[in-house]
Amino acid sequence: MPDQAPRSQGGPAVSQGTGRGPTASRRDFLRGSGIAAATAVVTGQAAAVLDEVQAAQEAEVAVLKGEVAVVLDVNGRKLECRVEPRTTLLDALRNRLDVTGPKRVCDRGSCGACTVILDGKPVNSCTTLAVTAQGCAIETVENFSTGPDGVPAAFVKNDALMCGYCTPGFVTAVKALLDVNPNPTLDEVKKALDGNICRCGTYVGIFQAALDAAKAKKGA
């Protein structure tokens, strides 16, 4: 029988050599071109990043060292003192300016006893740097009205204190609330005071004091 041609095994056809050596396909050419282009882009980006890092390292960085002079606007008065850059507003007020209304309790911004009003907003002075408070209007409990229409009077009327250590923070937070919302609901009062803690548990009196202070402020 004559020899039969071998059957195809389903594999790729083997091209016959032409004697010119291996040649690159179009796919190989495009793949190689893409890799080369990507490498060029990445290299260019890396060079740009290195240039930025080098420029930042060479730039002069202002570093505050030792004590610096600060001027704080406290209760309408310009008060000057010298503090370290790390000094908190609470320490500057109590230890350098003798403004002792804000109290140190947790020193971590979680209890609210150190609350002051900074540009109309209640903030924890124990987590605010004194140097960043320059140019801001700072109001503390010492500046609040002590008359019958003031927040402190409402706290006294409702017996909204026991040990009294947290009271300045609560009074300040209530004052800040009434300055922007003169007619708050009970829920709004609770929300405004959720950053203040009373370990003696006089919350019922505190909430009522806030509502009564709102009425007194309106002259009701």
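**A tour of the predicted chain**

Begin with the whole chain selected: its accessible surface, calculated by the Shrake-Rupley method with a 1.4 Å probe, comes to about 14400 Å², of which 54% belongs to carbon and sulfur atoms. This is a predicted model, in which local features need pLDDT of at least 70 and side-chain atom pairs count only at pLDDT 80 or more, while totals for chains, interfaces and linings use all residues. Residues are numbered from 1 along each chain as its sequence is written, and side-chain values use heavy atoms, with hydrogens and water left out.

Now select the five strands, which form an open sheet of mixed pairing in the order β2-β1-β5-β3-β4; two strands count as paired if DSSP finds at least two bridges between them. Because β2 (77–83) and β4 (121–124) stand at the edges with a single partner strand each, one side of each is left without a neighbour in the sheet.

Move on to β1 (residues 68–74) and β5 (residues 137–139), which pair in the parallel sense over two bridges, and find Val74 standing opposite Ile138 in β5.

Finish with helix α4 (residues 167–180), which lies across β3, β4 and β5 and runs at about 30° to β3, the angle being taken on a scale from 0 to 180 degrees between N-to-C directions of axes fitted to C-alpha atoms, for helices over the stretch in contact.

How values were computed. Helices (H or I, at least four residues) and strands (E, at least two) are DSSP runs, numbered from the N terminus. Contact means heavy atoms within 4.5 Å.
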